[in-house]
Amino acid sequence: MKTLINRDCLEWLRETDGNWDVGIADIPDNLGLDYDTYVDKKEDYYDWVELLLRTALPRFKVFWLSYYHKHQVEVMYRLRCVLNNSLKRDVKGYIWRFNFGQYTETDNPNGWRPFLRISRPDWRFSAKRR
């Protein structure tokens, strides 16, 4: 049986125990934009990202992380800090390409987003065809 849970990943991980096959986190962009009921700005953003990684990685066989490209260097640094604590994981980077972006009069929208697949060394990709 497969279960899809659409919630704040860190909140959910705090409320549940056990291990899971796959986790996907599309974290906030932290650009300071004001949405209807949410302001996309966290003062402790990178500490929060590291906490998410430290909490999620031991619980999932494979964990996917999507984030805004401007945070690439710091997210990778935080991931390396987490993995250096003897947590062995394979990391593969992808580019998620899309045809829209934030409107801007001063520059072009980026049109892509980094997407990391962080997996346990014993996890193997399997494409089953029907």
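Read along the sequence, the chain follows the pattern α-β-α-β-α-β-β, with 3 helices and 4 strands; helices (H or I, at least four residues) and strands (E, at least two) are DSSP runs, numbered from the N terminus. The structure is a predicted model, in which local features need pLDDT of at least 70 and side-chain atom pairs count only at pLDDT 80 or more, while totals for chains, interfaces and linings use all residues. Residues are numbered from 1 along each chain as its sequence is written, and side-chain values use heavy atoms, with hydrogens and water left out.

Of the 130 residues of the chain, 34% count as buried (under 20% relative accessible area, with exposed over 50% and partly exposed in between; 1.4 Å probe, protein chains only). The accessible surface amounts to about 9600 Å², and carbon and sulfur atoms contribute 50% of it; these areas come from the Shrake-Rupley method with a 1.4 Å probe. Among contacts (heavy atoms within 4.5 Å) with a separation of 6 or more, 69% join residues 24 or more positions apart.

Two packed helices are described by the angle between their axes and the distance between the axes. For helix H2 (residues 45-56) and H3, the axes come within 9 Å and cross at roughly 40°; axes are lines fitted to C-alpha atoms, for helices over the stretch in contact, and angles run from 0 to 180 degrees between N-to-C directions. H2 and H3 are therefore oblique to each other, since angles under 35 degrees count as roughly parallel, over 145 as roughly antiparallel, 65 to 115 as roughly perpendicular and the rest as oblique. H2 contributes Tyr46, Asp47, Val49, Glu50, Leu53 and Arg54 to the contact, and H3 contributes Glu74, Val75, Arg78, Leu79, Cys81 and Val82. By class, the contact of H2 with H3 comprises 7 nonpolar, no polar and 5 charged residues (Ala, Val, Leu, Ile, Met, Phe, Trp, Tyr, Cys and Pro count as nonpolar, Asp, Glu, Lys and Arg as charged, and the others, Gly among them, as polar).

Met76 lies in helix H3 (residues 72-83) and, at 31% relative accessibility, counts as partly exposed. Leaving aside neighbours within four places in sequence, Met76 is in contact with Tyr67 and Leu116. The C-alpha atoms of Met76 and Glu50 are 9.9 Å apart, at a sequence separation of 26 residues.

Asn30 is located in the loop between strand S1 (20-26) and H2. Although not a glycine, Asn30 has a positive phi of about 60°. With a relative accessible area of 7%, Asn30 is buried.
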